[in-house]
Structures are given as C-alpha cells and as structure tokens.
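Please look over the sequence and the model below before reading on. The paragraphs that follow walk through them part by part.

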Amino acid sequence: MESFLVVVFLIISCASLAFSAGPCKVGATRKLPINQTFLSSFSLLAWSYEGDTGPNHWKGVCETGKRQSPIDIKSSDAVYNALGKFDLKNYDKKLDLNFTVANNGHGMVVSLAGGNYTVSGGGLVGSYKTVQFHLHWGPNNDEGSEHVVNGTAYPAEMHFVSCNTNYPNVTEALKYPDGLAVLGVFIKVEGDDNDAWSFLDFAANVTKYKSSVVVPASDFAVFNKMLPASKSDYYRYNGSLTTPTCNEVVTWTVFKDAVNISKRQIGLLRKLEKQDGKPLKENYRPPMPLNDRTVKASFNATSVATNPPPAAGSTTMPTGGASVSRMTAGLFLSMLLILFTLQ
C-alpha cells in the first residue's frame with residue numbers, strides 16, 4: 001500500500017508541475033516527502049485542455065483560488081516599480097551536460113539536471129534554480145499564449161520554471177508562496193526559422209505520448225538567446241501554476257517583448273500527440289481574474305499600445321467581458337439611431 005501511495009504521489013506531482021520534481025538545492029537528495037494534499041487529490045490525475053476535464057472543470061485551488069494564473073495584463077493598470085536587472089547564471093553558456101526532452105501529453109517539456117542555471121535579481125528575493133522549461137500554444141496564430149496583454153493573445157508562450165533554493169525540493173517549495181519563479185516569454189510566428197529555437201526540431205522525436213529523448217546541452221542555443229533581447233522590461237505579479245493543482249506559489253515575470261519563430265517551427269509543436277493519439281493542438285489555460293492583486297511593471301507600461309499589433313496572421317483576441325461590452329454598446333447605439341430615424 002505504501003509503495004502504491006508513493007507512485008500515486010509521483011504521478012500527481014508530475015501532472016501538477018508538468019516537470020519531474022527535483023531538488024531545489026544543489027546536492028540535495030532526490031527522495032521526496034509524501035505530500036498529503038496531493039494524495040487527497042485523486043481527481044486531478046485526469047485533466048486536459050478540453051471537454052469535461054478541461055480548465056472549466058479543474059477542481060481544488062484551480063477553482064477556488066484567488067491568485068490564479070494566467071491573467072490578462074492591463075498595461076494601463078500596471079504600477080511602475082524599478083525592479084532591476086536579472087542575474088541569470090549560466091544562461092549565457094553552453095554547459096557539458098544533458099537535457100531531457102519529453103512529451104507528457106500536456107506539452108513539450110525540457111528538463112534540466114543539477115543546479116547549473118539560476119535566476120536572481122529582478123526584484124526576486126533570494127536565488128532560484130531553473131529546473132525546466134516548457135511551451136504552451138494554440139491551434140492557430142490567433143491564440144495560444146496563456147497570458148494576454150490588453151486582451152491580445154500571442155500564438156505561443158514559453159515558461160522557464162525555477163525553484164527557490166531555500167527549499168530542498170519542488171514538493172516542499174509548493175507549500176510556500178515564494179516557492180517558484182517563472183519567466184514567461186511571448187512567441188510570435190513570423191519570418192524564417194529562429195536558430196536560437198532550433199531545439200524545437202526535437203519535437204519530431206517526441207511526437208508520441210510519453211516519448212522522450214536525451215539531448216546534449218550543446219545542441220541547444222544559450223538560454224539568453226531564447227529570451228527577448230531586452231530582459232529589463234517585464235511585468236511582475238504573484239500567481240499560480242497554470243496546470244492542476246494550480247498551487248499559488250509562483251512569482252511571475254512576463255517579458256514585454258516577444259520572440260519570433262517560424263511557421264514551420266510552431267507546426268512541430270502542433271503535431272505532438274495527446275494520450276489518446278490525437279494532435280495536441282492547444283494547451284493553454286484562459287486568463288483568470290486578477291482580483292485584488294497588483295501587477296507591477298519595470299518600465300513605463302503606459303507606452304504599451306492598448307491593442308499591440310499581433311503576430312502575422314493573428315488578430316486581437318479580446319477578453320469575454322470586453323467583447324460583450326463592445327457588443328452591448330454597439331447594439332445600444334444602433335437602437336438610438338433607429339429611434340432617431342423614426343421620429
């Protein structure tokens with residue numbers, strides 16, 4: 001029975017984080033304590049991005065939490081704060097180690113071994129060890145990013161996930177509001193292949209559910225080149241994991257500028273298969289209410305256009321509330337015009 005519970009715990013932990021739980025401290029043991037909260041959430045073993053197991057049916061904190069992610073970032077409401085520059089240790093280096101690229105049925109995940117990459121500065125308290133990065137995308141270029149800015153979505157978004165080194169492992173970090181720090185990067189689809197994102201070619205090796213491949217880090221570009229050229233302009237807020245169990249333990253950084261990849265490159269992601277063998281054409285959670293949280297900006301966010309130009313072939317995707325408001329206003333004006341004409 002004890003072995004069964006350990007297996008269940010590991011499955012749920014992996015599902016909730018979308019990456020292999022590992023030590024946050026360099027040299028820490030990989031033996032993880034059993035978290036009773038996870039063990040009581042058997043219903044979260046099955047979740048997806050559609051139908052009866054889609055985001056609208058996620059339970060627990062996903063449903064009741066008040067600091068959920070992603071959000072629609074309203075630039076005009078963002079509060080300026082000189083958060084400072086990041087210190088991204090080894091993000092500018094190719095190290096002699098291996099990465100694991102995997103298809104977990106919810107997306108493409110690249111897991112990093114050891115504590116070789118760390119994130120600090122940028123208003124963060126302490127240091128965070130980068131444990132993996134993964135991607136979210138949509139079926140077309142009109143949608144796909146989890147965060148949106150002023151109602152506008154991007155075709156995709158990448159998340160660099162890092163764990164607070166104050167905690168021995170990811171499981172322990174999930175108990176604290178400062179447990180994780182995530183760097184979010186918007187992705188546009190235009191132009192030729194982006195050489196810094198050539199790792200997307202490995203998606204062809206993990207098309208099948210639960211497939212994986214070990215790849216030398218030397219086959220990847222340095223991480224700095226995967227990030228926007230300007231790493232000093234970003235939004236900051238406190239939120240959650242964007243997948244079950246939606247733990248509210250994430251300090252979010254969402255960079256203002258997007259990076260470009262080609263139509264061919266994003267097409268590789270859209271060919272990944274889910275557990276049922278069908279293409280995983282979309283894997284993003286819609287924006288959640290901001291509630292009483294404050295979004296900070298390290299730059300003058302009022303300079304951001306209300307509806308910034310989307311990627312080539314994309315259109316602005318307003319939030320449901322904004323869309324309804326515009327339709328209601330338009331209908332009201334039309335009725336007034338009719339009444340005026342009839343007089």
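**A strand and its partners**

L180 stands opposite V250 in β13. This pairing belongs to a predicted model, in which local features need pLDDT of at least 70, side-chain atom pairs count only at pLDDT 80 or more, and totals for chains, interfaces and linings use all residues. Residues are numbered from 1 along each chain as its sequence is written, and side-chain values use heavy atoms, with hydrogens and water left out.

The protein chain holds seven helices and 15 strands. Helices (H or I, at least four residues) and strands (E, at least two) are DSSP runs, numbered from the N terminus. Two strands pair if DSSP finds at least two bridges between them. Strand β10, residues 180-189, pairs with strand β9, residues 156-164, in the antiparallel sense over eight bridges. In that pairing F160 stands opposite L183 of β10. Strand β13, residues 250-255, runs parallel to β10 and is joined to it by five bridges. Strand β14, residues 259-261, also pairs with β10 in the parallel sense, over three bridges. There V189 stands opposite I261 in β14.

Is β10 mostly covered or mostly uncovered? Nine of the ten residues of β10 are buried. Buried means under 20% relative accessible area, exposed means over 50%, and partly exposed lies in between (1.4 Å probe, protein chains only). Of the 343 residues of the protein chain, 51% count as buried.

**Cores and rings**

A nonpolar core is a set of buried Ala, Val, Leu, Ile, Met, Phe, Trp, Tyr and Cys residues joined through side-chain atoms within 4.5 Å. The largest such core has 49 residues, and those with the most contacts inside it are F133, M158, W197, F199 and F220. Strand β10 gives the most to this core, with five residues. Apart from it lies another core of 28 residues, among them V161, L180, Y237 and V249.

Contact means heavy atoms within 4.5 Å. Not counting residues up to four places away in sequence, F220 touches K94, F99, V101, V110, F133, F199, F202, V215 and M226. Among contacts between residues at least 6 apart in sequence, 76% join residues at least 24 apart.

A pair of aromatic rings is described by the distance of the centres and the angle of the planes. Rings of Phe, Tyr and Trp (its six-membered ring) pair if their centres lie within 6.5 Å; planes under 30 degrees apart count as stacked, over 60 as edge-to-face and the rest as tilted. The structure holds 25 aromatic pairs. One of them is the edge-to-face pair of F133 and F223, with 5.6 Å centre to centre and 80 degrees between the planes. This pair links distant parts of the chain: F133 is in strand β7 (residues 128-137) and F223 in helix α5 (residues 223-226), 90 residues apart. F133 and F223 are both buried.

Why is the pair of W197 and F199 tilted? The ring centres of W197 and F199 are 5.5 Å apart and the planes stand at 35 degrees, so the pair is tilted. W197 counts as buried because its relative accessibility is 0%, and F199 counts as buried at 1%. One aromatic cluster includes F133, F160, W197, F199, F220 and F223.

Most residues other than glycine have a negative phi, and most peptide bonds are trans. A cis peptide bond joins S69 and P70, with omega about 5 degrees. P70 is found in the loop between α3 and β1 (72-73). Another cis peptide bond joins P244 and T245, with omega about 20 degrees. T245 lies in the loop between β12 (234-239) and β13.

T245 is also touched by V61, along with Q68, C246 and E248, not counting residues up to four places away in sequence. V61 lies in helix α3, residues 61-64.

N90 has a positive phi near 70 degrees, and its place is in the loop between β3 (86-89) and β4 (98-103). N90 is buried, with a relative accessible area of 15%.

**Confidence**

pLDDT is the predictor's confidence in each residue, from 0 to 100. The chain has a mean pLDDT of 83, and 76% of its residues reach 70 or more. Over residues 27-44 pLDDT stays under 50, and over residues 308-343 pLDDT also stays under 50.
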